[in-house]
Amino acid sequence: MTRQARYHGPARLSVATQIAQMRVRHPALRLTAWRCGEARWTGTLRATDISITFAITIIYRLGKRPRVYVTSPLLVDRPDAEIPHRHSDGSLCLHLPDEWDSTMVIAETIVPWAALWLYHYELWHATGEWHGGGAHPTLRPCIARRLAEDACRRELLPAGAA
Amino acid sequence: MTALPSIDSRISIPSYLNDLLIRIAVSLQLTPTQYLDAARHYEAVGKWLAAPGSALARFRPMIFPQGSLRIGTTVRPLGRDEYDLDLVCELALLGFHDPVWVLDLVEQRLREHAIYGPMVERMNRCVRLNFAKQFHLDILPARPDLALGGLHLLVPDRRLEEWKASNPKGYAAWFDQQSAYRRMAMAKAIEPLPQPEGAEEKTPLQLAAQLFKRWRDVRYADPDLAPISIVLTTLAADHYLGEAHPLEAFTAIVGRIEAAIPATGRLIVCNPAHPAEDLSERWDARPAAYRAFVSGIRDLHAKLTSAPSLEGLPRLREFLEDLFGDVATRALRDQGQAIEGARTRGGLTLLGTARGLSTTAASGATLVRHNTFYD
């Protein structure tokens with residue numbers, strides 16, 4: 001007698017799988033901590049051959065949003081505006097809440113998005129305009145904004161995680 | 001259509017910087033629409049001059065473009081909209097004719113035209129048609145130089161009341177030959193991103209000549225100090241040795257010009273199509289202009305040499321703005337839009353954490369999937 005396997009959708013990837021994928025895809029992002037189900041990678045990322053090489057840290061806890069922090073050089077505001085598309089803990093806002101889940105490979109999603117974010121950050125400094133698109137608080141109804149913020153906040157770990 | 005240079009490890013020239021330089025040069029040249037417009041007008045002018053009833057008809061006028069329009073190095077002037085475009089109107093004038101009479105004949109015929117008549121402006125060596133906000137079409141009458149033969153022409157000079165030697169076709173052929181070194185290599189070598197319209201046919205020499213002229217416009221506010229276009233274009237073509245990318249070409253050209261500056265006396269720039277002609281003769285009367293040129297070249301070379309080590313788009317923008325003016329920011333914006341366009345089409349990849357973004361699907365590259373930066 002055979003039992004039909006029930007389909008549950010794509011499987012959530014383990015932290016170990018994320019680590020293995022990262023090592024294959026982006027060996028320069030080194031695993032610097034892995035304990036209690038949380039992995040940390042640090043390394044450098046450069047968006048183009050004329051871009052600044054940024055040092056970044058990625059923190060991932062299974063089931064949570066991977067967080068990307070830029071550690072050096074420090075991200076700075078423009079004289080006329082604050083840095084767009086960042087969470088309140090300083091990590092980069094790379095995707096809408098429903099655009100990433102734990103079935104996705106960080107090395108294939110979060111890392112390229114971070115490179116693109118850094119490119120647009122530099123371009124924003126150079127031109128004064130954000131050319132990377134995205135959902136802007138000024139463009140969305142405030143309810144949608146609050147939902148987005150809440151989703152963001154729920155993902156945050158206690159202060160000091162960065 | 002596009003390949004990313006940074007894939008090729010032999011090329012150390014920053015590809016995104018080359019992409020920006022291409023965008024700057026292309027943004028300065030005639031747009032395809034303007035080009036077609038200019039071509040339409042010049043054909044109409046040619047027909048009008050040759051039409052039955054024209055006093056010129058018996059000289060069988062033939063119109064052809066010369067200068068930047070012919071060799072593909074047009075640059076929008078700083079502070080005004082109109083490009084300067086030159087057309088030669090070759091007339092089968094044999095024997096002696098008064099140069100001023102010939103200029104007047106062309107002017108008179110153009111003034112009879114319903115549309116072009118009101119646009120006519122009399123100049124020293126040509127008759128100008130002013131197309132407001134678009135371009136000036138300078139129509140230079142010319143006649144074959146029977147003594148020198150070949151492509152050599154004689155052109156009238158109103159002030160001097162004499163015929164001067166000229167060889168626009170010979171010059172263009174020489175420039176094309178210098179340019180041709182690299183037409184093929186360019187096509188597949190460098191662009192990290194889909195190029196703007198009109199870029200794919202450009203050679204590194206043409207781009208370098210455009211950048212050179214733009215740099216001149218930005219650097220020399222005083223027109224009396226600014227080196228003239230034909231001098232810069234000739235120097236560029238003369239010192240071009242087949243470099244594959246605009247930055248490399250421009251840097252090498254300027255470096256070789258700097259090295260060619262003699263310790264005493266001055267640099268002499270001969271017309272390659274007419275070696276007896278010193279294109280730079282006005283430096284004799286204007287030593288200050290020559291000194292300004294020499295210091296400009298030294299400064300430009302030092303800056304271009306430092307370019308590959310510049311890091312970061314804000315720093316690059318300052319650098320490019322210093323050399324080429326406000327078109328720098330637009331080039332950066334265009335590049336950003338090209339990247340966004342590639343991302344939207346699902347054609348943007350990350351080559352690696354050190355190599356950055358590309359529109360190339362190289363092995364090992366990671367596709368940048370759809371995402372929305374949100375706040």
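Let's start with one pair of residues. In strand 4 of chain A, the bridge partner of A:Ala55 is A:Ser72. Keep in mind that this is a predicted model.

Now zoom out from that pair. Strand 3 of chain A covers residues 54–61, and strand 4 of chain A covers residues 67–72. They pair in the antiparallel sense, over five bridges. The two strands form a hairpin, with five residues between them. Look at the turn. A:Gly63 sits there, with a positive phi of about 90 degrees.

Next, chain A as a whole. How many helices and strands does chain A have? There are three helices and four strands. Along the sequence, the pattern reads α-β-β-β-β-α-α. Chain A has 162 residues, and 34% of them count as buried. Then the contacts in chain A. Take those between residues at least 6 apart in sequence: 48% of them join residues at least 24 apart.

On to where the chains meet. On this side, 43 residues of chain A are in contact with 33 residues of chain B. Which elements of chain A give two or more residues to the side that touches chain B? They are strand 2, residues 38–45, and helix 2. Helix 2 of chain A gives the most, with 12 residues. And the make-up of that side of chain A? It divides into 22 nonpolar, 15 polar and six charged residues.

Now cross over to chain B. Here three strands form an open sheet, in the order 11-10-12, and the pairing is antiparallel. The edge strands are strand 11, at 356–358, and strand 12, at 366–367. Each of these edge strands pairs on one side only. Strand 10 of chain B, residues 349–352, pairs with strand 12 of chain B over two bridges. Within that pairing, B:Thr349 stands opposite B:Leu367.

Last stop: helix 5 of chain B, residues 168–179. Let's check its length. It has 12 residues, so at 1.5 Å a residue it should span 16 Å. Its end C-alpha atoms are 16 Å apart, which agrees. Which residues of helix 5 are buried? They are B:Pro168, B:Tyr171, B:Ala172, B:Phe175, B:Gln178 and B:Ser179. Look down the axis of helix 5 of chain B. Its buried residues fall within an arc of 125 degrees, so they line one face of the helix.

Terms used:
Residues numbered from 1 in each chain as written. Chains lettered and ligands numbered in written order. Predicted model: local features only at pLDDT ≥ 70, side-chain atom pairs only at ≥ 80, totals over all residues. Pairing = 2+ DSSP bridges. Expected span 1.5 Å × (residues − 1). Buried ≥ 20, exposed ≤ 12 C-beta atoms within 10 Å, placed from the backbone. Arc of directions from axis to C-beta. Contact = placed C-beta atoms within 7 Å. Nonpolar A, V, L, I, M, F, W, Y, C, P; charged D, E, K, R; others polar.
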